[in-house]
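Thank you all for coming. I would like to walk you through the strands of one protein model, and I will go slowly so that you can follow along on the screen.

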Amino acid sequence: MIGYARRLTLIAALAGIAFAAPARAEEAYDPWPGLVQDIFNSRPMNDGADIIGIEMPYRAEDAAIVPVALRSKLSPADSRRIRSITLVIDRNPAPMAAKFELGPDANVTEISTRVRVNNYTDVHAVAELSDGQLYVAKTYVKASGGCSAPAAKNAEEARNRLGQMRYRQFAREEAPASRVREAQIMIGHPNNSGLQMDQVTQLYIPAFFVNQLKLTQDDSPVLSMEGGISISEDPNLRFTYVSNGAKRFRAEAKDTDGHVFRNEWDVEKPGT
């Protein structure tokens with residue numbers, strides 16, 4: 001009887017090892033080297049600790065709307081500037097969440113948005129500087145199921161709000177004469193990931209999302225975004241920029257179904 005009990009214990013232990021091994025192998029697998037090859041054509045990556053900052057909650061409250069903030073850490077004495085920032089969520093089905101192109105004269109130093117996170121994952125921010133070099137920073141987020149989470153709004157409500165834009169400005173602590181502005185663009189769009197299921201038909205909802213956004217002050221580029229399925233429903237960008245004295249702020253967005261949405265606002269009277 002004792003021998004039988006020992007055999008059961010041994011079998012259970014071996015079974016536990018067999019089930020645990022794939023999980024550990026999955027955790028040990030690092031997709032980042034492959035993503036560097038696929039997204040950045042294997043270009044060298046430099047330590048970006050003094051170049052680019054990325055902030056996200058360690059444990060997300062809602063995997064479908066995880067806040068992320070990207071900040072320039074370049075010294076004012078540095079003659080280089082950040083040309084673009086690529087946000088990569090390593091373990092998402094489509095890892096490249098967004099690529100932001102920064103206007104050459106807009107001096108954008110902060111960008112924040114909301115993203116979907118599908119698994120516990122590293123998240124990388126890759127800044128390309130005017131010297132042509134890439135600099136990377138990363139953080140880790142515990143979240144799961146964000147890409148397949150049901151939409152917050154029903155289909156009819158989403159259709160009614162499709163393409164609606166709002167532009168807001170926020171007060172800054174700098175002196176009144178400062179030309180630094182902090183603004184926000186919000187776009188009504190379901191940004192369907194293609195992994196969400198219709199709760200009535202039990203069929204997958206086709207991917208349908210904003211894939212291009214261009215922001216300008218008059219005709220001078222401020223910020224543009226190439227977006228993917230990882231950007232949350234109702235895309236929302238908050239950012240800083242330096243005013244060039246323009247009276248009008250303009251936005252143009254396109255989605256994967258070919259819709260084009262445009263709006264413009266008086267800089268001194270932002271709103272819907």
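This is a predicted model: local features need pLDDT of at least 70, side-chain atom pairs count only at pLDDT 80 or more; totals for chains, interfaces and linings use all residues.

The pairing of β7 with β8, residues 134-141, is antiparallel and runs over eight bridges, with Ala125 standing opposite Ala137 in β8. Strand β7 also pairs with β4, residues 82-89, again in the antiparallel sense, over seven bridges, and there Ile82 stands opposite Leu129 in β7.

How many of the residues of β7 are buried? Nine of the nine, across residues 121-129. In a regular strand, side chains alternate between the two faces of the sheet. In β7, Thr121, Val123, Ala125, Ala127 and Leu129 point one way, while Asp122, His124, Val126 and Glu128 point the other way, and all of these are buried.

Let me turn now to an open sheet of six strands, which has antiparallel pairing and the order β2-β3-β6-β13-β10-β9. Because β2 (52-55) and β9 (165-170) stand at the edges with a single partner strand each, one side of each is left without a neighbour in the sheet. The twist averages 15° from one strand to the next. Within this sheet, β3 (residues 66-72) and β6 (residues 110-115) pair over six bridges, and Ala69 stands opposite Ser112 in β6.

Terms used. Residues are numbered from 1 along each chain as its sequence is written. Side-chain values use heavy atoms; hydrogens and water are left out. Buried means under 20% relative accessible area, exposed over 50%, partly exposed in between (1.4 Å probe, protein chains only). Helices (H or I, at least four residues) and strands (E, at least two) are DSSP runs, numbered from the N terminus. Two strands pair if DSSP finds at least two bridges between them. Axes are lines fitted to C-alpha atoms, for helices over the stretch in contact, and angles run from 0 to 180 degrees between N-to-C directions.
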